[in-house]
Amino acid sequence: MNSIHDRMPVVLPKDAESDWLAADPDTRKELCQPYPKDDLDAYEISTRVNNPGNDDPQVIESLDHEQSGLGEFHS
């Protein structure tokens, strides 16, 4: 994810959500594990996502052009 952004969201299993919300910093650190599967995709979306007023499914649709790699996400 570093090629897209320097921060990575935490992807938690459903059964760990309440633990995360009630946890102390050490427990949260333990919950921060690499995502165990390979079913996540990265794709470019519109900058419309930056405006909270744009609350529709099209905000996260992939742009219509082909990308050659994650390097295109660099600004």
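## Contacts, charges and surface of a predicted chain

Among contacts (heavy atoms within 4.5 Å) in the protein chain between residues at least 6 apart in sequence, 29% join residues at least 24 apart. This is a predicted model: local features need pLDDT of at least 70, side-chain atom pairs count only at pLDDT 80 or more, and totals for chains, interfaces and linings use all residues. Residues are numbered from 1 along each chain as its sequence is written, and side-chain values use heavy atoms, with hydrogens and water left out.

**Overall make-up.** The protein chain has 2 helices and 0 strands. Helices (H or I, at least four residues) and strands (E, at least two) are DSSP runs, numbered from the N terminus. Of the 75 residues in the protein chain, 4% are buried. Buried means under 20% relative accessible area, exposed means over 50%, and partly exposed lies in between (1.4 Å probe, protein chains only). The accessible surface of the chain is about 6700 Å². Carbon and sulfur atoms hold 50% of that surface. Areas come from the Shrake-Rupley method with a 1.4 Å probe; for residues, only the protein chains shown count as cover.

**Salt bridges.** Side chains of opposite charge can pair when their charged atoms come close. A salt bridge here is a side-chain nitrogen of Lys or Arg within 4 Å of a carboxyl oxygen of Asp or Glu. The whole structure holds 2 salt bridges.

| Salt bridge | N to O distance |
|---|---|
| K14 and E17 | 3.9 Å |
| R48 and D56 | 2.9 Å |

K14 counts as exposed because its relative accessible area is 68%. Its partner in the salt bridge, E17, is partly exposed, at 37%.

**Rings.** A search of the whole structure finds 0 aromatic pairs. Such a pair needs ring centres of Phe, Tyr or Trp (its six-membered ring) within 6.5 Å; planes under 30 degrees apart count as stacked, over 60 as edge-to-face and the rest as tilted. W20 does have a charge over its face: R28 lies 5.5 Å from the ring centre. The test is NZ of Lys or CZ of Arg within 6 Å of the ring centre and within 35 degrees of the ring normal.

**Nonpolar patch.** M1, M8, V11 and L40 make a nonpolar surface patch of about 390 Å². Patches take residues with over 30% relative accessible area and no salt bridge; like charges are joined within 9 Å, nonpolar side chains (Val, Leu, Ile, Met, Phe, Trp, Tyr) within 5 Å. M8 sits in the segment before α1 (17-22). M8 counts as partly exposed because its relative accessibility is 43%.
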